[in-house]
Every structure is written in C-alpha cells, then in structure tokens.
Amino acid sequence: MIRSRALDICLLGMLLLSTGCVPVSKTTLRPGSPEDLPGCYAVFPTEPWESVHRLEASIRGGTSSLLGVTKGEPSDRRLQSLLLTPEGFILFDAERRESGIAVRKAVAPFDSPAFARGLMEDVALLFLPPSSKPAGWRKETDGTMVCEWEGPDDSRTEVKGSMDTGWRIQRRDGYGKEIKEIVLNGPFINGLASRVELRAFKPTSYKIRMTLIQPSP
Amino acid sequence: MHLDIFEKPSESLWVKEIKMKRILFLSVLVTTCLLSAAPALSQDWKSLKEAFGNIRSVKADFVQKRFLQILTKPLVSEGKLFFYIPDSLRWEYLSPLRNVMLQKGNTIQVYNFIEGKWKPEMTQAVEARRMVLAEISQWFQGRFNESKTFRQDYSPGPPARVTMVPGEGTNKFIQRIEIVLSKRPGVIDWVEIEEPGGSRTLIEFRHVEINSSFSSEVFEKP
C-alpha cells in the first residue's frame with residue numbers, strides 16, 4: 001500500500017514536471033485587416049534617428065546612472081549604442097547588424113559578451129520590429145493595436161497600445177513565460193517615447209528606466 | 001547572432017584609458033578655472049604662478065558640450081564647480097545626469113541622484129577620481145610648466161590662449177587642449193579638448209568667482 005502511494009506521488013510529480021515543460025499554445029491572434037497592419041509598426045522608428053537617454057538601472061539591488069546614446073538605421077536593421085559616464089566618457093560602444101554584434105569598446109563592468117548581447121537585444125526589442133510579418137493582429141474599437149509575432153524557438157513578441165495611451169512590448173519564451181517587458185510612455189517626440197521602462201525577468205532580473213533627453217533629427 | 005570584438009586591446013587598457021581621460025579632463029577644468037583668475041593677460045608662466053599664489057577659492061558654473069561622431073548635435077551638460085585650497089573640490093553635474101564628486105583632504109565620495117535620492121557610486125570610478133585629484137594637486141599650485149603630462153604654450157594673442165599638448169602615451173587619449181581667454185581679465189571664452197578619432201569636448205565657464213566665501217559643507221554633503 002505504502003509502495004503504491006509512493007508510486008502515485010512519484011507519477012504525480014513527473015506529471016507536474018512534464019506539464020511545466022509543455023510549450024503553451026501558439027498565438028491566439030489571427031491575421032487581421034490588412035489596413036490595420038501598419039499600426040503594428042507604429043511604435044518603432046521608420047526613419048534614421050539618434051537619441052540620448054538618461055538611464056537608471058537597477059540590478060541585484062544596486063543602482064547606477066548613465067547616459068545612453070543610440071543611433072538607428074531601420075532600413076538596414078542597424079543599431080549603434082553607447083553608454084557614457086556623466087563626464088561623457090565612453091564605457092561601452094557596440095553595433096548590431098543582421099550579421100551580428102560588433103563591440104568597439106567595453107570597459108569593466110560592461111565588458112562581458114553576455115552583457116553586450118543582452119544590451120543589444122534590449123535595444124533591438126525597443127527600437128526594431130521583429131523581422132518577420134506578425135502572425136496575428138487586431139485593432140480594438142478604441143484604436144489600441146494588439147500584434148503578435150512568432151520567433152525562433154517558439155518565442156513570441158507582443159506589441160500592444162497606441163500613440164495616445166502608450167505601448168507595451170512583451171517577449172515570451174517557448175513556454176509562454178515572460179522574459180522581458182518594455183513600457184513606453186509619451187509624449188512621443190519624433191516618434192520616440194519620452195519615458196521607457198524595461199524589465200527583464202529571465203535569465204537575469206533587472207530594470208532600466210530611460211528618459212529621453214535629446215531626440216534627433 | 002555572432003559577436004565580434006573590434007580593436008581588442010586588453011581590458012586593463014580600456015580601464016586605464018577611462019581613468020586617464022578623467023585625470024586629464026579634470027586637470028584641464030581646474031587649470032582653466034585657475035587661469036581664469038589671472039588678473040591680466042600679458043603674463044608669462046612666472047607671473048601666472050605668482051597670481052595663483054593669491055587664489056584661495058574658485059566657484060563657477062559650467063556648460064559642457066560633448067561632440068561625438070555618433071551624434072549630429074552635441075551632448076550638453078551643465079553644472080557647478082567649487083574649489084578651496086589645498087585639496088577641497090566639488091564637481092557637480094546638474095543636468096542631464098545629476099552626479100557629484102566631493103573631495104575633502106584624502107576623502108573622495110561620488111554620488112548619483114537616482115529616484116529622488118543621492119546614492120553613493122560603488123564602481124571603480126571613485127578610484128579613478130582619486131587619481132585625478134593626485135594629478136591636479138600640482139596644478140593648484142600653479143606648477144603648469146612642471147607637468148610631465150603636458151607641454152604648455154602661452155600665447156598673449158589676442159585672443160590670449162594656452163595650448164596644452166600631451167606627451168607620448170597620453171596622446172592616445174587626448175590630442176590637444178586649448179584654453180582661450182577673454183579680453184576681460186579673469187574671464188575665459190572656452191576650453192576645447194580634442195581626442196583621437198574626432199570626438200571633442202567644449203567647456204564654457206560662467207559666473208566665475210574668485211576668493212568668494214561659501215560653506216565648507218559643499219565639500220562634505222551631496
């Protein structure tokens with residue numbers, strides 16, 4: 001009897017574990033009206049741009065304050081990002097192209113390949129739409145757009161909002177767990193949000209608050 | 001997506017570069033303030049050094065424009081400087097980032113203003129700034145032409161200017177520094193710091209006050 005109960009518990013545990021590993025269902029959205037599709041890209045800059053942000057980062061209980069400079073060429077899906085000290089000295093300088101990431105300069109503690117990848121992924125999530133067409137989209141009656149892209153490894157990116165109410169960009173892994181969330185609030189200047197908050201949940205937890213201080217052109 | 005590291009010097013070289021830039025940068029700023037206190041323009045190094053002997057304190061506002069190749073418009077910062085002989089300094093950025101470095105004697109503290117509060121900076125930048133202050137101590141005493149880092153030339157103009165050219169090694173970080181003095185005694189027009197690769201920094205000091213009184217708390221609290 002005891003042996004049978006132990007077996008039951010073991011099987012139940014295995015069932016729970018296996019359930020946790022099952023990918024959640026694919027996108028619930030379907031392709032919407034073609035004339036609404038451009039709305040899925042409204043939050044992303046479409047012309048070459050550059051920006052300066054004040055960054056406040058919270059990682060593992062510590063906080064730091066830096067300047068972030070980003071330049072984008074949306075047509076080439078190219079981004080260049082710099083982190084600067086208050087005096088304007090460059091701590092990190094990297095460029096992201098379709099072919100990969102090139103780090104020009106990285107001063108400790110910003111010098112690990114994982115940091116470079118993570119930062120450029122964050123910048124790309126914020127400023128570049130996924131390269132494929134959305135798997136589904138719809139426009140709510142109040143003008144809110146809801147769009148979803150499917151990515152590699154069953155990951156998904158959801159963009160929701162409007163220029164009036166602000167936007168939220170969410171990325172989930174293949175199991176449906178939220179990896180990153182970006183909230184963009186207006187006013188939007190030259191298409192760039194004045195205030196941005198990025199939260200990362202996996203594999204490392206951190207929060208970055210960005211305030212636009214110099215949009216251009 | 002693969003990751004390339006361009007012009008891969010050792011990590012310590014990059015850290016050294018940042019430290020060196022900070023040293024040179026603040027050296028120039030303090031030198032500039034002290035030069036602005038010079039009572040007349042037609043001076044040689046000897047008379048400049050004598051003039052510096054009368055300086056007890058410097059207080060000034062500044063506007064800094066950082067020209068980077070990535071940006072079409074310069075990055076503009078504003079702040080305040082307080083200095084009291086021999087080794088008390090407050091160097092504060094008010095915008096776009098609020099950040100302050102405080103030195104009193106051998107104690108150096110750096111704070112960032114985050115989420116409505118001053119929070120101490122925990123990075124190695126504090127150590128870099130300690131190096132800065134060790135370097136500038138000789139500038140405070142007017143010993144410009146004794147520097148091993150720069151070769152200085154004074155030109156009476158007009159406009160009067162001091163050109164500082166770094167020696168071997170340092171010129172990897174800074175190519176040239178130019179301090180242009182105004183016709184009005186005690187006032188400078190601008191300072192320009194040129195770096196290899198095309199980046200440069202332009203600093204304008206405003207409301208420079210020499211030997212004015214202020215509380216010593218400015219060197220102790222953010």
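Glu181(A) belongs to strand 10 of chain A, residues 178-189; strands here are DSSP runs of E of at least two residues, helices are runs of H or I of at least four, and both are numbered from the N terminus. The structure is a predicted model, in which local features need pLDDT of at least 70, side-chain atom pairs count only at pLDDT 80 or more, and totals for chains, interfaces and linings use all residues. Residues are numbered from 1 along each chain as its sequence is written, while chains are lettered from A and ligands numbered from 1 in the order in which they are written.

I turn to the nonpolar cores, each a set of buried Ala, Val, Leu, Ile, Met, Phe, Trp, Tyr and Cys residues joined through C-beta atoms within 7 Å. The largest comprises 45 residues, and Leu84(A), Phe92(A) and Ile182(A) are among those with the most contacts inside it. Helix 2 of chain A, residues 113-127, supplies the largest share of this core, 6 residues. A second, separate core of 26 residues includes Val100(B) and Phe205(B).

Finally, chain B: it contains 3 helices and 12 strands, and 35% of its 222 residues count as buried.

Definitions and conventions. Buried ≥ 20, exposed ≤ 12 C-beta atoms within 10 Å, placed from the backbone.
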